Amino acid sequence: MCCLLAAWLNLHAGVSRNTVNAVLKALDLIVVTMLNLTYAALQAADYEVGTQTPKIGIPLDIRTVYARLNLDPKIHRLFCCPICFKMYPLDIALKKCNYQKSSRAKPCNTDLWSFRHSKKGHKIQIPRCSYTTTSFDSWLQSFLNRPSIEKCLYKTFIKTQNPAPQERMYDIQDSPFWDSIRHNLNSPHDLIFSVYVDWFNPLGNKQAGKQISCGAIVLYCLNLPLEIRFRPENIFVIGMMPGPHGPTVGTIHHILHHYCNSIMEFELPGKSMPTSSHPGGTRVSARVYPNIADLLGSKKFTGFGSPSATYFCTWCTLSKEQVESLDYDSWQLRDGNTVKAEAQAWKNAVTLSEKENLFKQNSIRWIPQHDIPYFDPVQHVVLGMMHNTLEGHLEFHLRELWGLGRTEKKEKQLTQEETERDQDEDVTGSANDLNDFTMDDVDDDNSTPTATPGPRTRSQSLGSLSSLTSQALQWDVASHIHEEDDSDDPDFKDLDVDTLFKLTPQQIAHFRHCISEILLPTWVERPPRNLGEKSYGKLKAHQLLILFTVIFPLIIPELWAFGNETERKLLEKFCDLVAATNIIASYSVTPTEADDYGKYFKNSMRELFPQYHSLPNHHYAMHNPEQLKFWGPLACLSEFPGERLNGEFAKISTNNHFNEMELTMVRQFGRKANLNVILNETNYEDDATRDLLEILAPVDVYEFAHDPAIMSSYEVAQFYKKYDDFKREEYNTLLHYLNSTGKEYYTAYPESMLYQSPTLLSILQPVVRCIRDFNFQGKTYSNIVSHEAGSHIQYYIPGGNGEHMTGCIMEIWQLPLEQKLSTFLLVKEHLPLSPSQKVKSPYVWAPCSILQSELVQRNLASYTYLIEPHHIICHLAVYKRPAGTYDIPQETMSIVWSLNRGHRK
């Protein structure tokens, strides 16, 4: 128990190693003292006890705890060049890197070794750089030896081998992609993975700027259900690319050789491996298909040119001069086999000039993945909806088109251009020249870092943050890197503007009021209340999503629906943007909705803002309909889990030891993952340890995979000791509901006309426990008294053949039925507006009818519905409006159900 507590403190609570060691020593002292006192008392009472108290053996160091709990992952460190990342064996006698970009190029010639003084003063030669990796074989064995994982794998296998015919796709397992590989899935142990790659600042985004960067390559098992797919214990970190600057487009192939070798080890037919259900071994295979990354990471990882390259698109051959084209049918789509052939030609080129000329023809470089037989470099690349849509289009709309958060420099540039345009008609040509310049192909091999190393001052103690930054900058990187790093901003915006639209202060004030007053459930992060001020900074992707799909739909129609022509057009384009965002961010999709996305997105900006030139990011979005049709909902393949993982890595304390930073992050993450398995999946026989696990891990994340817990007779009796008064009318409501679902319960009141002579088990006991809130599928639902924001819901009508409505939870009941704890919700419906009032609501008319919103009365219905948790569709966001809003004489509420995000349809 002490070991579990110490490991949890260090890995989950973030308590430092020194502090945890102090806690272990304190626990040892407390336990020993208690035992000594107990023995002394027993001896004083003439009990026969030993002369010495037993030794407990509490570890006094957290590293001993890790060893005792077997938390350490199996890690390998590969010796590599710090500049080009070419791998070398540790016993090599070579002093300098001999890598050549081509047979005629100069060698890298970087020093491979550095020296460190041991504690005894000896000078030790150590590698300057190491690539930290973990064993795929070892991880798979641990992964498949967990019964809960095998249970999920078998469920997925049965479901996907006999799929029910349906148009709506809820996950990649329902998609045409999965259909295309089904013939290779002959057992639950034929595993399909996606790969995520990203670079992050291990010191945090606000420290050391972009000077230091590490890159993680991780695998997600797509055979697992979404509920647990991205849990730390179910993620395999295949490697951590070392800093300070990471590999470039010209050197990343050295890192990717190891990645490819690792996954090809389990290529079909696979290899024998013991699992929880097959301890003697069974065939296990693994393949990696979807490649997930932000735009620049994806380009580097898959061998395509950056967004500034001549042929800037991964999925088609459109050139940068044709970026304005929105006619998808006229585009020539890339073909995977052709790309592989072109990449092989680039690899076979003898000189750098030949490679450069080939790259200019197609913007393709060779990378090791091209040698994987089943890998399609076009079809298997996912366009990340987080960066493309949320941090791309929504941010562009907010800052550039609406002017909310434009910098002073940007305002001056825009104002100056507008003034010049009024004075001279010829400026249009100059502006077009400027646009051509910004789209020039900078995908060359001559860029170098601009950071200049500085000496370490006396105040920069070794191990400090300033010392670490100084160490990173003192690497002789600038003199060695000659290839371009694809660091161009894909969302670079030209300044060709005819009309400068900007939200008024009054409109911004309405936005802020809505943000402050809107009722949001606790799991939704509220955008900053000072939106538009300089201090609010850059919005996070989730905040942008909430702002555009939840907040704005409740306030913008109020501002623009009955305004002038420009405002009505702005509203129309806004609604198109929201509709497109709701589709791309949904956890379910149909082919029809995918086509609707293309229509909504194309209309969202072009007609109202034709003066803004299309950007590569806008072009990429035009490929989203086909991505949705092939992969299913892109939200299931988004960058959100990877970004959270980056945050996990960045929070790990590394003591600013630069050479060991990647090792520490991978090792601590592996330990935390292994501890999660113990906390969530290990069944201990003693009650004390089980009670401790419930304290350390109170939420059962694998509850969805378990059958409902059976209550013992003792637990049922304990429940009935504490109950609330159950009104006769409410009791009859519950009895009627239960019998309407096909169950057979009898009343406990003999005077009732329904009374018969049932057995005791079939009598509905007239006791219930009223609770304030409960957790369902990871979200907390409350009654209206305890937390109104968590009580407004959209729900299915029981027995209504899929019909749904909105309402508010008034009471939550719990009681044991058939030895299972059951939950029931008493809900009052939101009252609709009268017909004469409803026509005044913008949500019943185009374009606002696609905003997933409605205007309802402030008062709730007098009647109630009784529902169960599985009837809940989603929480609602609610914005209460005063009388007179939309010329309606009574108080109303604007409600939106986009928080559902396609989970329930």
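Thr282 is found in strand S10, which covers residues 282–292. The model described here is predicted. The protein chain has 905 residues, of which 53% count as buried. Its secondary structure comes to 27 helices and 20 strands.

**Thr282 and its surroundings**

- Thr282 has a relative accessible area of 18%, and this residue is therefore classed as buried, because the class takes in values under 20%.
- Leaving aside neighbours within four places in sequence, Thr282 is in contact with His189, Lys271, Ser272, Met273 and Thr275.

**The nonpolar cores**

- In soluble globular proteins, nonpolar side chains tend to be buried together.
- The largest nonpolar core in this model contains 166 residues, and the members that touch the most others are Ile217, Tyr259, Trp402 and Phe552.
- Helix H17, spanning residues 541–560, gives the most to this core, with 14 residues.
- Another core, of 21 residues, lies apart from the largest one, and its members include Ala7, Leu69, Leu675 and Leu692.
- When residues up to four places away in sequence are not counted, Phe552 touches Leu398, Trp402, Phe511, Leu531, Leu547, Pro557 and Phe574.

**The chain as a whole**

- Among contacts in the protein chain with a separation of 6 or more, 70% are accounted for by residues 24 or more positions apart.
- The accessible surface of the protein chain comes to about 41600 Å², and 52% of this surface belongs to carbon and sulfur atoms.

Note on methods. Residues numbered from 1 in each chain as written. Predicted model: local features only at pLDDT ≥ 70, side-chain atom pairs only at ≥ 80, totals over all residues. Heavy atoms only, no water. Helix = DSSP H or I, 4+ residues; strand = E, 2+ residues; numbered from the N terminus. Buried < 20%, exposed > 50% of the residue type's maximum accessible area, 1.4 Å probe, protein only. Contact = heavy atoms within 4.5 Å. Core = buried A, V, L, I, M, F, W, Y, C linked by side-chain atoms within 4.5 Å. Areas by Shrake-Rupley, 256 points an atom, 1.4 Å probe, with all protein chains shown as cover.
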